[in-house]
Amino acid sequence: MRIYNSLTKSKEEFIPLVEGEVKMYVCGPTVYNFFHIGNGRTFIVFDTIRKYFEYRGYNVKFIQNFTDIDDKMISKSNEENTSVKELGDRYINEYYKDADALNIKRATVNPRATEYIQDIVDFVKELIEKGYAYEVEGDVYFSTKKFHEYGKLSGQNLEDLQCGARINVDERKKDPMDFAVWKKQKPGEPAWESPWGMGRPGWHIECSCMAHKLLGETIDIHAGGTDLVFPHHENEIAQSEGRSGKPFARYWIHAAFLNVNNQKMSKSLNNFFTAREILEKYDVDVVRFLMLSGHYRTQLNFSLDLLDSAKSSVERLYNAISNLECLLEETPSDKLTDKEREYIKSLEVYREKYIEKMDDDFNTADAISVIFDLVRDVNTNVDINSSKELINFSASLIRELGEPLGILQKSTRGSLEEEIESLIEQRQKARKEKNWALSDKIRDDLKARGIVLEDTPQGVRWKKV
Ligand code: AMP
Ligand code: ZN
């Protein structure tokens with residue numbers, strides 16, 4: 001398997017630290033509001049990468065944190081006149097609702113920064129002891145000059161950074177590029193005890209600390225959106241490698257941003273969507289399909305038109321599965337013929353191609369094309385004269401290739417039932433409104449599909465004839 005490593009800026013063969021295992025840390029959301037579809041894309045990308053590792057037989061330890069203490073949390077809790085703790089609890093709960101609805105598998109652990117304060121304090125103490133950090137009147141800063149490889153992830157050296165940076169001059173820092181690992185309490189802010197007085201952790205330190213606690217000093221993969229390369233991930237490397245003297249993460253994966261109608265998403269441009277707004281109108285398979293239709297390292301354009309076209313693509317795939325599942329009930333043939341055995345071998349080539357694409361830095365766009373090629377082949381070659389075994393194999397293979405992408409797992413029977421129930425409801429409404437033409441049309445359309453309605457004292461029943 002080859003992964004583009006942002007640290008070396010090249011595609012590298014993936015070699016796990018422990019055979020058969022992947023230790024992966026993904027930077028998660030700050031939990032002060034509902035997450036938006038940009039966050040959604042990044043979460044879906046890393047969920048897919050995780051699921052693909054699992055598909056290939058790895059045991060994945062997947063950690064994604066919740067940042068539940070920072071400036072945004074504090075100002076939002078003040079605005080809402082609530083505590084930072086209550087705000088975090090609320091939006092973590094909402095995060096799970098949306099992530100579950102997006103078919104994102106729950107992480108092995110979702111650590112919250114505020115649950116690791118003692119570990120963070122210990123981490124900072126060690127940085128001070130080793131000479132990488134220094135205290136000034138209750139604040140603790142990381143001394144970037146002390147970490148000689150500072151800038152290696154973002155490809156900058158300290159001098160470039162100092163020249164280019166618009167720095168808030170803070171007289172107390174030894175160097176403008178130094179960053180806070182512990183922040184002294186300001187009036188009214190939540191705070192914890194520490195050797196430097198009451199305060200709270202800086203943002204970057206939480207990920208260094210929790211990755212270490214939950215996965216160890218060196219991990220396989222560290223991931224996040226491209227905006228996190230600098231300064232967040234650069235600073236994480238400095239802290240973690242400064243403390244342990246060992247490489248922090250062997251592979252760094254960064255997902256490109258999502259734009260809406262080719263513009264940066266922002267509330268002021270009125271092109272801002274939360275994930276749940278989109279999920280109210282579009283099925284999760286459609287949303288994931290669009291999010292994965294481009295490579296994760298290229299920016300993704302998002303629009304309602306693109307969602308509509310994703311919707312028809314997904315329908316084509318589900319129609320194929322649904323046809324096969326109907327054929328399975330109808331075919332009289334149980335026995336696999338020699339010719340079919342050969343044909344199955346030719347279908348297995350699609351699985352190999354799919355793996356080849358996904359093994360090449362998780363090329364979901366090309367992997368999706370392979371699924372379409374498979375469906376086209378099956379649509380022309382599998383029919384009522386095919387054996388149960390062949391039909392079953394074809395449907396299962398399509399579903400199997402959808403699994404790591406988090407699509408094509410729904411029951412087609414389930415969706416048929418839902419559709420019929422909804423048509424029956426529309427017919428009842430039409431009857432109430434004495435719209436006989438519409439109610440007759442719905443009944444006749446269903447009949448044409450082999451579905452007969454019966455009016456009973458308990459309500460309308462339907463059956464397939
Ligand atoms: P945040 O809560 O802003 O820290 O974001 C959580 C995750 O979403 C991080 O990995 C960010 O890099 C990512 N992210 C934020 N905005 C976008 C966007 N517009 N497109 C893609 N990913 C994003
Ligand atoms: Zn992080």
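In strand E8, Arg200 is the bridge partner of Lys183. Strands (E, at least two residues) and helices (H or I, at least four) are DSSP runs, numbered from the N terminus. Two strands count as paired if DSSP finds at least two bridges between them.

This is a predicted model, in which local features need pLDDT of at least 70, side-chain atom pairs count only at pLDDT 80 or more, and totals for chains, interfaces and linings use all residues. Residues are numbered from 1 along each chain as its sequence is written, chains are lettered from A and ligands numbered from 1 in the order in which they are written, and side-chain values use heavy atoms, with hydrogens and water left out.

**Antiparallel sheet, E5 to E8**

- Strand E7 (residues 179-184) pairs with E8 in the antiparallel sense, over three bridges.
- The open sheet has four strands in the order E5-E6-E7-E8, and its pairing is antiparallel.
- Strand E5 (133-136) and strand E8 (199-201) are at the edges, each with a single partner strand, so one side of each has no neighbour in the sheet.
- On average, neighbouring strands of this sheet are turned by 25 degrees against each other, direction ignored.
- Glu137 lies in the loop between E5 and strand E6 (139-142).
- Phi of Glu137 is near 45 degrees, a positive value in a residue other than glycine.

**Parallel sheet, E4-E3-E9-E10**

- Another open sheet has four strands in the order E4-E3-E9-E10, with parallel pairing.
- Its edge strands are strand E4 (59-64) and strand E10 (249-255), and each pairs on one side only.
- From one strand to the next, the twist averages 20 degrees.
- Six bridges link strand E9 (residues 219-225) to E10 in the parallel sense.
- Ile219 has Ala249 in E10 as its bridge partner.
- Helix H6 (residues 203-215) packs on the sheet and touches strand E3 (21-26), E4 and E9. Contact here means heavy atoms within 4.5 Å.
- The direction of H6 makes about 160 degrees with that of E3. Axes are lines fitted to C-alpha atoms, for helices over the stretch in contact, and angles run from 0 to 180 degrees between N-to-C directions.

**Hairpin E14-E15**

- Strand E14 (residues 451-456) and strand E15 (residues 459-464) run antiparallel and are joined by six bridges.
- The hairpin passes from E14 to E15 through two residues.
- Val452 stands opposite Lys463 in E15.

**Helix packing**

- Two packed helices are described by the angle between their axes and the distance between the axes.
- Helix H1 (residues 37-55) packs with helix H9 (residues 284-292) at about 85 degrees, with their axes 10 Å apart.
- H1 and H9 are therefore roughly perpendicular to each other. Angles of 65 to 115 degrees count as roughly perpendicular, under 35 as roughly parallel, over 145 as roughly antiparallel, and the rest as oblique.
- H1 contributes Ile37, Arg41, Ile44, Val45, Asp47, Thr48 and Lys51 to the contact, and H9 contributes Arg288, Met291 and Leu292.
- By class, this contact has five nonpolar, one polar and four charged residues. Ala, Val, Leu, Ile, Met, Phe, Trp, Tyr, Cys and Pro count as nonpolar, Asp, Glu, Lys and Arg as charged, and the others, Gly among them, as polar.
- Helix H12 (residues 364-381) and helix H13 (residues 388-402) pack at about 170 degrees, with their axes 10 Å apart.
- That makes H12 roughly antiparallel to H13.
- Ile371, Leu374, Val375 and Val378 of H12 meet Ser394, Leu397, Ile398, Leu401 and Gly402 of H13.
- The H12-H13 contact has seven nonpolar, two polar and no charged residues.
- Phe393 also lies in H13.
- Neighbours within four places in sequence aside, Phe393 is in contact with Ile344, Leu347 and Glu348.
- Phe393 and Glu348 are 45 residues apart along the chain, and their C-alpha atoms are separated by 9.8 Å.

**Ligand 1**

- Ligand 1 is surrounded by 14 residues, the closest being Gly38, Asn39, Thr42, Asp227 and Leu258. A residue is near the ligand if one of its heavy atoms lies within 4 Å of it.
- A backbone N or O atom of Gly38 lies 3.1 Å from a nitrogen atom of ligand 1.
- In Asn39, a side-chain N or O atom is 3.0 Å from an oxygen atom of the ligand.
- A backbone N or O atom of Gly225 lies 3.1 Å from an oxygen atom of ligand 1.

**Cis peptide**

- The peptide bond from Phe230 to Pro231 is cis, with omega near 0 degrees.
- Pro231 lies in helix H7 (residues 229-244).

Definitions and conventions. A polar contact is a pair of N or O atoms within 3.5 Å; within protein, one must be able to donate a hydrogen and the other to accept it, and residues adjacent in sequence count only if both atoms are side-chain atoms.
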